[in-house]
Amino acid sequence: MKIAVLPGDGIGTEIVAEAVKVLNVLGLKFEMEQALVGGAAYEAHGHPLPESTLKLAKEADAVLFGAVGDWKYDKLDRPLRPEQAILGLRKNLGLFANFRPAICYEQLVGASSLKPELIAGLDILIIRELTGDIYFGQPRGRRVATDGHFPGAEEAFDTMRYSRPEIERIAHVAFQAARKRSKKVTSVDKANVLETFQFWKDVVTEVHAQYPDVELQHMYVDNAAMQLVKAPKAFDVVVTGNMFGDILSDEASMLTGSIGMLPSASLNTKSQGLYEPSHGSAPDIAGKGVANPLATILSAAMMLRFSLNQAEAADRIEAAVNKVLSQGLRTADIYSEGTTRVGTREMGEAVVKALG
Ligand code: NAD
């Protein structure tokens, strides 16, 4: 089991160090190799995703990723910015399926801005297609308009597109994931307005014929955005395209009120995956030892389950995280009165201890 460990920038190095500690006490044999990515790699090698880092990631069974970025790189040319490393990894590894669970831990119900009864017990899984849609569609650019409302004016344009195989494979991923949960998929589209998403809806419906045991519901994205805050527990698996998934997965993750708790996985057809917390590099708290490492530790659990075939070890980590929360340990982002405030390292060590 070969793991490429890419801590990145800001709090990335602090939180990944804790996840590595947790992996090291499971009694499993891993080959872990660390490399620079993002701003750190730009400083050392002049590129956010150096060839050597990409090679390591490609050869590994899984990538454990921290976060990249810092405001100080905002003036660099776009291809050299730290965030390009993530796009480069997704593209080169073919990571088309992004899993973002939004789970509300019973102990943290008070951290949500929604009423406790709406989110207590929340456990939904957003599956976002990650390598297609308007984010990658060509052509795109700026030009002088020859038609439209203002011929002769400067304009910008992007292309929304999905091919049948792209939709089919993400639909299969969603139906198969649903089979391991409550057997319900909501496919989110904008079929009433967009040709691309009428096609999406048609193809998802066709693939559904192979999964008669799974219930399929279609929902327009505007309604999905409303329902997620009105009755989030009505969802189980949600599958959607790249742009809608980008927005809805952030909305869903904030239902739980604690960005420091949310893991994610991005998988390719060979179950090779990149595992990272849903948050960024948090330059505002970097180096202070206060970041919450649990999203990264839970990402390591997803890595064990989805890429390394070690579901039992994944269960153990998740149970250990539950245990430290029940012990009342909280990093600053999830702290509330009556609980015990701890730093990044103490939280990581508490999880290690809870693993017994
Ligand atoms: P962010 O997620 O880094 O931070 C948002 C807020 O949440 C900040 O107040 C931060 O302190 C807090 N926060 C985030 N993670 C936390 C944790 N584990 N524990 C406690 N608090 C936490 O988003 P941002 O501030 O918009 O972006 C900062 C940088 O991160 C930017 O350069 C951005 O491009 C980059 N970014 C990277 C990724 C990634 O690497 N996948 C994702 C998002 C943003």
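Predicted model: local features only at pLDDT ≥ 70, side-chain atom pairs only at ≥ 80, totals over all residues.
Two rings of Phe, Tyr or Trp, the six-membered ring being taken for Trp, form an aromatic pair if their centres lie within 6.5 Å. A pair of aromatic rings is described by the distance of the centres and the angle of the planes. For F99 and F306, the centres are 5.1 Å apart and the planes stand at 50 degrees, so this pair is tilted. F99 belongs to strand β4 (residues 97–103) and F306 to helix α10 (residues 294–306), so the pair ties together parts that are 207 residues apart in sequence. F99 has a relative accessibility of 6% and counts as buried, whereas F306, with a relative accessible area of 28%, is partly exposed.

A tilted aromatic pair is also formed by F197 and W200, with 5.5 Å from centre to centre and 40 degrees between the planes. Both residues of this pair, F197 and W200, are located in helix α7 (residues 195–208), where they are 3 residues apart, about one turn of the helix. F197 and W200 are both buried. They are members of one aromatic cluster, which is formed by Y162, F197, W200 and F244.

Helix packing was examined for α1 (residues 12–24) and α12 (residues 344–354), whose axes come within 9 Å and cross at roughly 15 degrees. Since angles under 35 degrees count as roughly parallel, α1 and α12 are therefore roughly parallel to each other. The crossing in which α1 passes α12 is right-handed. On the α1 side the contact is made by E14, I15, E18, K21 and V22, and on the α12 side by T344, R345, G348, E349, V351 and V352. By residue class, this contact of α1 with α12 comprises 4 nonpolar, 2 polar and 5 charged residues.

In helix α4 (residues 84–93), the buried residues are A85, I86, G88, L89, R90 and L93. These buried residues of α4 pack against strands β1 (2–8), β3 (62–67), β5 (123–129) and β12 (273–277), and against helix α3 (51–59). After α4 comes G94, which has a positive phi near 65 degrees.

One of the elements packed against by the buried residues of α4, strand β1, contains L6. With a relative accessible area of 0%, L6 is buried. When residues up to four places away in sequence are not counted, L6 touches A35, V37, T53, L56, V63, L64, F65, G66 and L89. Among these contacts of L6 is L89, one of the buried residues of α4. L6 and G27 are 21 residues apart in sequence, and their C-alpha atoms are 22 Å apart in space.

V229 is situated in helix α8 (residues 221–230). Its relative accessible area of 39% makes V229 partly exposed. With residues up to four places away in sequence not counted, V229 touches L114, L118, E251 and L255. The C-alpha atoms of V229 and K115 are 10 Å apart in space, while the two residues are 114 residues apart in sequence.

Backbone geometry was considered last. Most residues other than glycine have a negative phi, and most peptide bonds are trans. The peptide bond from Q138 to P139, however, is cis, with omega near 0 degrees. P139 is placed in the loop between β5 and β6 (141–144). K183, which is not a glycine, has a positive phi of about 60 degrees. The loop that holds K183 is the one between α6 (164–179) and β8 (184–189). K183 is partly exposed, its relative accessible area being 36%. A positive phi, near 40 degrees, is likewise found for A282, a residue other than glycine. A282 is in the loop between β12 and α10; α10 is the helix that contains F306.

Technical notes:
Residues numbered from 1 in each chain as written. Heavy atoms only, no water. Axes fitted to C-alpha atoms, helices over the stretch in contact; angles between N-to-C directions. Helix = DSSP H or I, 4+ residues; strand = E, 2+ residues; numbered from the N terminus. Parallel < 35°, antiparallel > 145°, perpendicular 65-115°, else oblique. Left-handed = near helix turned anticlockwise from the far one by under 90°. Contact = heavy atoms within 4.5 Å. Nonpolar A, V, L, I, M, F, W, Y, C, P; charged D, E, K, R; others polar. Phe/Tyr/Trp six-rings, centres within 6.5 Å; stacked < 30°, edge-to-face > 60°. Buried < 20%, exposed > 50% of the residue type's maximum accessible area, 1.4 Å probe, protein only.
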